[in-house]
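User: Hey, I've just opened this one and I'm new to it. Can you walk me through it?
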Amino acid sequence: KKAAPAASFSLNTTDFKESILKHLHSTLGTDENKASNRAWAEATAAAANDFVYERLRQTQKAHFEADTRAVHYLSAEFLMGRLLSNNLHNLGVFDAAADALKDLGQDISVILDEEPDMALGNGGLGRLAACFIDSLATLNYPAIGYGIHYEHGLFRQEFRDNRQIERPDEWREYGSPFEICRPESVQQVPLFGYVETVFDETGNMKKKWHPGRVIKGIPWDVPIVGYGAETVNILRLWESRASDFFNWDVFNAGGYIDSQAENAEAEAVSKVLYPNDETEAGKQLRLIQQYFFCACSLKDIIRRYSRAHGNDWSKFSTQNVMQLNDTHPAVAIPELMRLLVDEHDLNWDDAWTICRESFAYTNHTLLPEALEKWDVSLFERVLPRHLEIIYEINRRFLEDEVEVKWPGNDEIKAKLSIIEEGDSRKVRMGHLSVVGSFKVNGVAQIHSELVKKDLFPEYDALFPGKFTNVTNGITPRRWLKACNPRLSALLTEKVGENWPRDLELLRDIAKYADDPAFQKEYMDIKLANKVDMAATILELTGVEVDPTAIFDIQIKRLHEYKRQQMNLLHILALYRRLLENPDYDMNPRVVIFGSKAAPGYKLAKDIIYALNCIAEKVNSDARIKGKLKVVFLPNYRVTIAEKLIPAADLSQQISLAGYEASGTGNMKLALNGALTVGTLDGANIEIAEEAGEENVCIFGMNVDEVQALQAQGYNPWDYYYSNPELKAVLDWLDTDYFTPGKPGELSSIKRSLLDGGDPYMALADFQSYSDAQKDADSRYSDKAGWARAMIINTATMGKFNSDRSMEDYVRDIWKLTKCPVK
Ligand code: 26W
């Protein structure tokens with residue numbers, strides 16, 4: 001058994017109390033008689049920060065002195081959620097803080113509830129980045145997260161007349177105690193303009209970029225506290241501003257007002273997170289955002305490298321590795337080439353060798369509409385020099401590598417070219433990422449196979465060994481220890497306190513899976529969590545639910561491939577069965593959704609509307625005696641996930657096989673005991689392997705069957721006409737049953753599934769899904785069997801610790817060594 005337990009600070013309740021009071025007085029400028037909840041929260045954060053900053057200083061000193069190799073995790077999104085509770089847990093002072101606040105007459109849960117989520121991400125990809133930096137700090141690896149300091153994170157979702165409306169997120173309206181501004185590390189970022197060819201003294205041709213604008217990047221550092229707080233790394237987020245030196249000209253020319261417009265334009269770059277997950281938008285501002293944070297980050301990395309190594313570039317790639325979180329930061333590849341060749345005078349070949357040894361790329365999706373492509377014309381306007389560099393990378397790649405492997409094969413050249421030819425020529429960012437990286441990984445076994453087989457088969461043939469898999473993971477600190485304190489206490493009692501580092505230790509509880517006393521303890525905890533959740537549901541939606549009912553949960557972004565519409569059809573089927581037969585045999589069930597739709601995704605928003613309308617009708621229908629309830633929680637986010645996951649019985653992971661790269665909510669729910677109702681897609685496959693097929697409810701076509709049906713030609717009408725229940729619930733959507741007086745309001749869903757061709761084959765998988773749900777229901781009736789399955793799920797999720805993901809990356813890609821601190 002490895003690693004020591006969390007090295008908590010020798011901070012007792014009395015010390016913490018004094019520290020909170022001191023900060024309430026001297027940092028917040030208020031006192032205990034009139035302090036607001038927010039002031040209490042900030043004082044508590046400040047008390048914790050005394051330790052965080054000390055460990056941060058020690059960490060930076062250790063990394064500097066050891067001159068360690070480091071990973072730079074470049075990501076447009078970091079979905080951090082709340083930080084205070086997490087930091088207190090990782091510092092090992094959560095209980096001390098709770099007791100201190102209690103002595104001061106405050107309830108820590110109320111105080112923690114003051115903190116807005118730091119929602120600088122859309123969903124899975126952004127939350128993955130947050131889990132990864134937690135694990136890297138916990139494991140004492142030198143690592144920096146680089147991203148964008150969005151003024152507004154993902155929109156706040158409200159429902160008006162059952163429809164989603166979007167409101168701006170204001171996470172730092174009054175500042176945040178969790179970030180430090182570092183004006184001393186500001187960077188300048190050039191944009192637009194033109195490229196001039198010049199010759200230096202020795203007659204060498206050089207390219208000189210004359211930017212049309214320069215904006216400034218201001219770094220904000222968020223300390224990332226590892227579990228046990230030995231290492232505190234940083235997340236560095238760049239905020240855009242108008243560049244001082246550029247604006248002087250305008251200002252001197254009397255353009256005071258114009259210069260304000262310039263300021264607004266520059267500030268727009270980091271103003272708002274794009275709310276599209278999985279759909280590439282191709283907007284100029286998004287490309288500028290991407291370039292902005294990559295340019296700032298690379299200059300930061302180079303500045304730090306040069307401090308130790310001056311102008312000697314030979315060790316750059318042994319000291320630095322940059323991980324591209326999807327293609328969003330892919331423009332970092334030509335940017336590093338530009339910095340090395342144009343600004344630091346390296347020759348092309350040496351610069352290209354450094355690039356190819358420094359970048360690695362993670363693919364998170366196979367959906368064609370999510371693969372980023374930029375119009376050549378847009379690229380040329382915003383980043384003229386980078387377009388030239390991409391052309392040169394592409395020319396050499398096609399001539400020196402593709403032509404050598406497949407002489408004279410223009411078809412393969414067209415497929416592998418970084419530039420897509422056609423009416424409007426495009427830069428393919430995925431291709432650029434593969435060509436410019438030394439490793440490419442998918443995020444679950446099956447996904448990584450499909451990346452090789454279906455997305456990049458020729459690249460795989462050309463670059464043997466470049467493609468690999470690292471299965472995603474989640475941090476057990478946030479997703480079990482902090483969010484499910486009741487279960488955590490039970491687990492600690494049984495296996496000791498080291499499981500939040502070494503989640504494999506939980507295997508030990510499998511031996512109690514059939515022990516009635518343990519089953520009771522485990523199920524009492526699940527029930528208590530459900531009681532809490534029922535109160536939250538009542539508070540947020542006004543819907544009363546029975547905590548002994550099955551809590552059947554689907555929480556994830558709204559997308560056709562995730563098939564919330566199939567869940568909807570199943571709800572209608574259950575409702576219909578109950579109406580036709582009031583004695584229909586089923587356990588009471590609460591189907592719970594949490595989900596945001598991209599603001600421009602019409603059908604996704606229609607599905608939200610439909611679910612809200614159906615919920616209204618079902619929840620108020622006395623005929624079904626409360627046996628079915630439907631709840632759509634507004635404004636789903638990390639903080640809501642932390643409340644829902646410990647209360648789940650069923651975890652719906654029902655994407656069409658081959659489309660969900662991994663999923664990570666599936667891991668969180670299974671770890672907290674929920675049984676997966678899922679397809680053989682993404683990490684569900686590995687979850688089923690770990691938990692055993694008998695402890696999950698697998699249904700539907702597998703990837704091969706999906707591909708076979710697609711090849712054969714899929715016709716959703718076949719399923720409509722051959723399945724009377726399916727036909728009935730689809731036809732129901734054309735009536736005004738759920739939208740009284742307004743027939744047709746839910747018809748778009750039926751249309752997409754029939755006339756629209758049902759691209760994600762919800763009708764093909766419907767019967768099998770419905771059978772799996774029935775199976776889940778009857779298993780729930782067997783109390784001991786159900787408890788056993790839940791316990792086994794908790795016991796066997798060790799693989800999905802993001803610490804394991806990090807060790808995989810370190811071994812196969814990053815080659816880091818741990819740097820102990822103090
Ligand atoms: C260009 C617009 C855009 C924005 C975001 C395209 C694609 C994305 C992301 C790749 C979406 C995303 O979050 N993907 C999810 O990544 C998770 C972490 O690897 C996986 O678990 C999910 O299966 C995958 O959908």
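Predicted model: local features only at pLDDT ≥ 70, side-chain atom pairs only at ≥ 80, totals over all residues.

User: OK, zooming out. How is the protein divided into domains?

Analyst: Domain 1 covers 67-82 + 117-472 + 807-814, while domain 2 covers 476-800. Their C-alpha centres lie 35 Å apart.

User: How many residues are in contact between domain 1 and domain 2?

Analyst: On the domain 1 side there are 40, and they are in contact with 32 residues of domain 2.

User: Which elements give two or more residues to the domain 1 side?

Analyst: Strand 2 (78-81), helix 6 (124-138), strand 5 (156-160), strand 6 (163-167) and helix 17 (445-455). Helix 6 gives the most, with five residues.

User: What about the classes of residue on that side of domain 1?

Analyst: You'll find 13 nonpolar, 17 polar and ten charged residues on the side of domain 1 that touches domain 2.

User: Back to helix 6, then. Is it buried or exposed?

Analyst: Buried: 15 of the 15 residues of helix 6 are, so the helix is largely enclosed by the rest of the structure.

User: What span should helix 6 have, and what are its end C-alpha atoms doing?

Analyst: At 1.5 Å a residue, its 15 residues should span 21 Å. The end C-alpha atoms of helix 6 are 21 Å apart, which agrees.

User: Which residue with a positive phi follows helix 6?

Analyst: That's Asn140, with a phi near 60°.

User: New topic: the ligand. How many residues surround it, and which are the closest?

Analyst: There are 23 residues around the ligand, and the closest are Gly124, Leu125, His364, Ala661 and Ser662.

User: From which domains does the shell around the ligand draw its residues?

Analyst: Domain 1 and domain 2 each supply at least three residues.

User: And how does that shell split by class?

Analyst: Around the ligand there are five nonpolar, twelve polar and six charged residues.

How values were computed
Residues numbered from 1 in each chain as written. Domains from an automatic or database assignment. Contact = placed C-beta atoms within 7 Å. Helix = DSSP H or I, 4+ residues; strand = E, 2+ residues; numbered from the N terminus. Nonpolar A, V, L, I, M, F, W, Y, C, P; charged D, E, K, R; others polar. Expected span 1.5 Å × (residues − 1). Buried ≥ 20, exposed ≤ 12 C-beta atoms within 10 Å, placed from the backbone. Near = placed C-beta within 6 Å.
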